[in-house]
Amino acid sequence: MAGSPSFHWNKKWFREEEEKFLSRLNQGNGDISFLLGVGELEGTHKSGTNENALELSKRLSLKDSRVNVQFNEFEGEGHLSVFPLINRALRFALKRNVPGKK
């Protein structure tokens, strides 16, 4: 899960980490779900966070069919206000995978 990732801080590092992730994925045999979430209001920022996150979701989806990538632009939310929504998504995802929980 990545919430409002700040690609503009170090694009080179993010690309290196993306390649490492894909390399590790090629060594494994499991399916991966990856949520990229950004606030709609971040779309106007000069850093291009929303566009960069969308591009990453497309690259990951194209490179390996075992990666289930979901890009979510949270309507009416900004950089900081999007985190509670992402936290809810994380709790939901983890609760689904705990035996005995519904």
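1. Basis. This is a predicted model; local features need pLDDT of at least 70, side-chain atom pairs count only at pLDDT 80 or more, and totals for chains, interfaces and linings use all residues. Residues are numbered from 1 along each chain as its sequence is written, and side-chain values use heavy atoms, with hydrogens and water left out.

2. Confidence. The mean pLDDT (the predictor's confidence in each residue, from 0 to 100) is 78 for the protein. A score of at least 70 is reached by 83% of the residues. Helix H2 (residues 49-63) has the highest mean, 86. Strand E1 (residues 2-3) has the lowest, 67. Helices (H or I, at least four residues) and strands (E, at least two) are DSSP runs, numbered from the N terminus.

3. Core. The largest nonpolar core has eleven residues. Among them are Phe-7, Leu-22, Phe-34, Leu-56 and Val-69. Helix H1 (11-27), E2, H2 and strand E3 (67-74) each give at least two residues to this core. Such a core is a set of buried Ala, Val, Leu, Ile, Met, Phe, Trp, Tyr and Cys residues joined through side-chain atoms within 4.5 Å. Buried means under 20% relative accessible area, exposed over 50%, partly exposed in between (1.4 Å probe, protein chains only).

4. The whole structure holds four salt bridges (a side-chain nitrogen of Lys or Arg within 4 Å of a carboxyl oxygen of Asp or Glu). Glu-16 pairs with Lys-12 at 3.2 Å, N to O. These two are about one helical turn apart because they sit four residues apart in helix H1. Lys-12 is exposed at 61%; Glu-16 is partly exposed at 36%. Lys-20 pairs with Glu-17 at 3.1 Å, three residues apart in helix H1.

5. Salt bridge between helices. Glu-18 bridges to Arg-59, with the closest N and O atoms 2.8 Å apart. Glu-18 is in helix H1 and Arg-59 in helix H2, so the pair ties together parts 41 residues apart in sequence. Glu-18 is buried, at 5% relative accessibility. Shared partners join Arg-15, Glu-18 and Arg-59 into one salt-bridge network.

6. Ser-47. This residue lies in the loop between strand E2 (32-39) and H2. Ser-47 counts as buried because its relative accessibility is 12%. Its side chain makes polar contacts with the side chains of His-45 (2.8 Å) and Thr-49 (3.0 Å). A polar contact is a pair of N or O atoms within 3.5 Å; within protein, one must be able to donate a hydrogen and the other to accept it, and residues adjacent in sequence count only if both atoms are side-chain atoms. Leaving aside neighbours within four places in sequence, Ser-47 is in contact (heavy atoms within 4.5 Å) with His-8 and Asn-52.
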